[in-house]
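Thanks for making time this morning. I would like to walk you through one structure, going from the whole chain down to a few single residues, so please keep the picture in view as I talk.

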Amino acid sequence: MERYREERAWQSLATHDDLFDQLELWAQPIVPLQDPEGPLGIEALLRVKRNGRLHPPLPLLEAAARTGRMPAIDRWVVMKTFDYVRQAPGGP
C-alpha cells in the first residue's frame, strides 16, 4: 500500500502545474581517470526538490513517462542547460 501511495504522489507531481518549480539541474564534472589533466566535460543531472529534500529523478521520470509529461521535462532540461551555457564565463 505504501508503494502505491508513493507512486501516486510522484504521478501527481508529474502532472502538477508547478512541477518545474521543483526541479533542479546539477552539474558533475567528467574527468578521465587515465588522464586527470585531460579533457573535462560536464554531465547535467536532474534532481527533484520534494518535502524539503533533493531526490533522484527516477520515480518522477517513470511517472512522467506514464502520464505523457516526458517531452515537457526534456524541453525544460535542454532549455535550462542552454541557459547555463550562455551565462557561464567563456560561454557563447
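This is a predicted model: local features need pLDDT of at least 70, side-chain atom pairs count only at pLDDT 80 or more; totals for chains, interfaces and linings use all residues.

If we take the contacts in the protein chain between residues at least 6 apart in sequence, 50% of them join residues at least 24 apart.

As for the overall layout, the protein chain has three helices and three strands, and, read along the sequence, they follow the pattern α-β-β-β-α-α. The radius of gyration of the protein chain is 16 Å, well over the 12 Å that the globule rule gives for 92 residues, and the chain is therefore more spread out than a compact globule. Along its principal axes, the C-alpha trace spans about 50 × 30 × 25 Å. Of the 92 residues in the protein chain, 21% are buried, and the chain exposes about 6,900 Å², with carbon and sulfur atoms supplying 56% of that area. On the charged side chains, there are 12 positive and 13 negative ones in the protein chain, and the centres of these two sets lie 7 Å apart.

Let me turn now to helix H2, which runs over residues 58–67. Which residues of H2 are buried? They are Leu60, Ala63 and Ala64, and because they cover an arc of only 100 degrees around the axis, they sit on the same side of H2. As a general point, an α-helix has 3.6 residues a turn, so residues three or four places apart point the same way. On the other side of H2 we find Leu58, Ala65 and Arg66, which are exposed. What covers the buried residues of H2 includes helix H1 (2–15) and helix H3 (70–87), together with strand E1 (23–30) and strand E2 (41–50). After H2 comes glycine 68, with a positive phi near 80 degrees.

Valine 48 lies in strand E2 and, at 0% relative accessibility, counts as buried. What does valine 48 touch, not counting residues up to four places away in sequence? The list comprises Trp10, Leu13, Gln22, Leu23, Arg53, Leu54, His55, Pro56, Pro57 and Leu60, and Leu60, you will recall, is one of the buried residues of H2. The C-alpha atoms of valine 48 and leucine 25 are separated by 8.8 Å, although these residues are 23 apart along the chain.

Leucine 45 is also found in strand E2, and with a relative accessible area of 16% leucine 45 is buried, since the cut-off for that word is under 20%. Leaving aside neighbours within four places in sequence, leucine 45 is in contact with Glu24, Leu25, Trp26 and Gln28. The C-alpha atoms of leucine 45 and phenylalanine 20, which are 25 residues apart along the chain, are separated by 15 Å.

My last stop is asparagine 51, in the loop between E2 and strand E3 (53–55). Is asparagine 51 buried or exposed? Asparagine 51 is exposed, with a relative accessible area of 70%. In general, most residues other than glycine have a negative phi. Asparagine 51, however, has a positive phi of about 55 degrees although it is not a glycine.

Key: Residues are numbered from 1 along each chain as its sequence is written. Side-chain values use heavy atoms; hydrogens and water are left out. Helices (H or I, at least four residues) and strands (E, at least two) are DSSP runs, numbered from the N terminus. The radius of gyration is taken over C-alpha atoms; the globule rule is 2.2 Å times the number of residues to the power 0.38. Buried means under 20% relative accessible area, exposed over 50%, partly exposed in between (1.4 Å probe, protein chains only). Contact means heavy atoms within 4.5 Å. Accessible areas come from the Shrake-Rupley method with a 1.4 Å probe; for residues, only the protein chains shown count as cover. Lys and Arg count as positive and Asp and Glu as negative; His and the chain ends are not counted. The place of a charge is taken as NZ of Lys, CZ of Arg, CG of Asp or CD of Glu. The arc is that of the directions from the helix axis to the C-beta atoms.
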